[in-house]
Each structure stands twice: as structure tokens, then as C-alpha cells.
Amino acid sequence: QVQLVESGGGWVQPGGSLRLSCAASGNIFSINRMAWYRQAPGKQRELVATIISGGTTNIAGSVKGRFTISRDNAKNTVYLQMNSLKPEDTAVYYCNVGLYSTMGFSDAWGQGTQVTVSS
């Protein structure tokens, strides 16, 4: 059984930084796409950033230049470094991983971690 565990959320003042982590565990053969989504109250879930196995990244325009996605393949972990945070970045952040395990292909989701940006 595959499990994703997120960490690193919390409260920060505008202009501050946070780093989110998402570690995948289980009988994993390979991981292709890793991504971060977020969902603010009353809004639809939106894609924030993706990184594929070769390292190519894609960052949403609303956070480009402030957020960076990276991965540690040895640890099956994806990170989201968030700098210059704004109140509009407040949301629950979810990691999403496309992977192959003993159960075949899985599109797995983390449990979500709250990020609150306010003064």
C-alpha cells in the first residue's frame, strides 16, 4: 500500500517562507510525475507546480518566481519551497504523485497541509 505523508505547513507572515515536503512510501517501483495542488476556501483545487522524473518543472503563473518545486528520488520525496508568501497563497496544499508499485499504477494524494499567510 502506498502512502504519502506531507509536512511543513503552518502560519507565516506576508513575505515569509515555508517549505513543504511530501514523502511517498510503500512498495514503489518508480515515480513519474510529482505535483503540488492547493485549494483555498470556496475555490476549486488548482495546480501549483509539477516535476517529472527527468527533472523538468512547470510552475503556475500565480506563483512563478516565488515557488520552487524539487524532488529527491532516493527518498521518494517532493518539496515545495515557497518564498515571498502572500495572503492569497493561503490554502490547503496537497501533493499528488503518479507512481508504479506492486499494485500497478497509482495516482496518489497526500492528506493536505494548511498554509496560512497573514499578519
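Guide: Gladly! Let us start with a term: a disulfide is a pair of cysteine sulfur atoms within 2.5 Å. This is a predicted model, where local features need pLDDT of at least 70 and side-chain atom pairs count only at pLDDT 80 or more, while totals for chains, interfaces and linings use all residues. Residues are numbered from 1 along each chain as its sequence is written, and side-chain values use heavy atoms, with hydrogens and water left out.

Visitor: What makes the link of Cys22 and Cys95 a disulfide?

Guide: The limit is 2.5 Å between the sulfur atoms, and Cys22 and Cys95 have theirs at 2.0 Å, S to S. The link is right-handed, with 50° about the S-S bond. Cys22 belongs to strand E3 (residues 18-25) and Cys95 to strand E9 (residues 91-101), so the pair ties together parts 73 residues apart in sequence. The structure holds 1 disulfide.

Visitor: How are strands told from the rest of the chain?

Guide: Strands (E, at least two residues) and helices (H or I, at least four) are DSSP runs, numbered from the N terminus. By that rule the protein chain has 11 strands and 0 helices.

Visitor: Are Cys22 and Cys95 buried or exposed?

Guide: Both Cys22 and Cys95 are buried. Buried means under 20% relative accessible area, exposed means over 50%, and partly exposed is in between (1.4 Å probe, protein chains only). Of the 119 residues in the protein chain, 40% are buried.

Visitor: Why is Gln114 called partly exposed?

Guide: Gln114 has 38% relative accessibility, so it counts as partly exposed. Its place is in strand E11 (residues 113-117).

Visitor: Which residues does Gln114 touch, leaving aside those up to four places away in sequence?

Guide: A contact means heavy atoms within 4.5 Å. With those sequence neighbours left out, Gln114 touches Gly9, Gly10, Thr90, Ala91 and Val92.

Visitor: How does the radius of gyration of the protein chain agree with a compact globule?

Guide: The radius is taken over C-alpha atoms, and the globule rule is 2.2 Å times the number of residues to the power 0.38. For 119 residues a compact globule would come near 14 Å, and the protein chain has 14 Å, so the two agree. Along its principal axes, the C-alpha trace spans about 45 × 25 × 25 Å.
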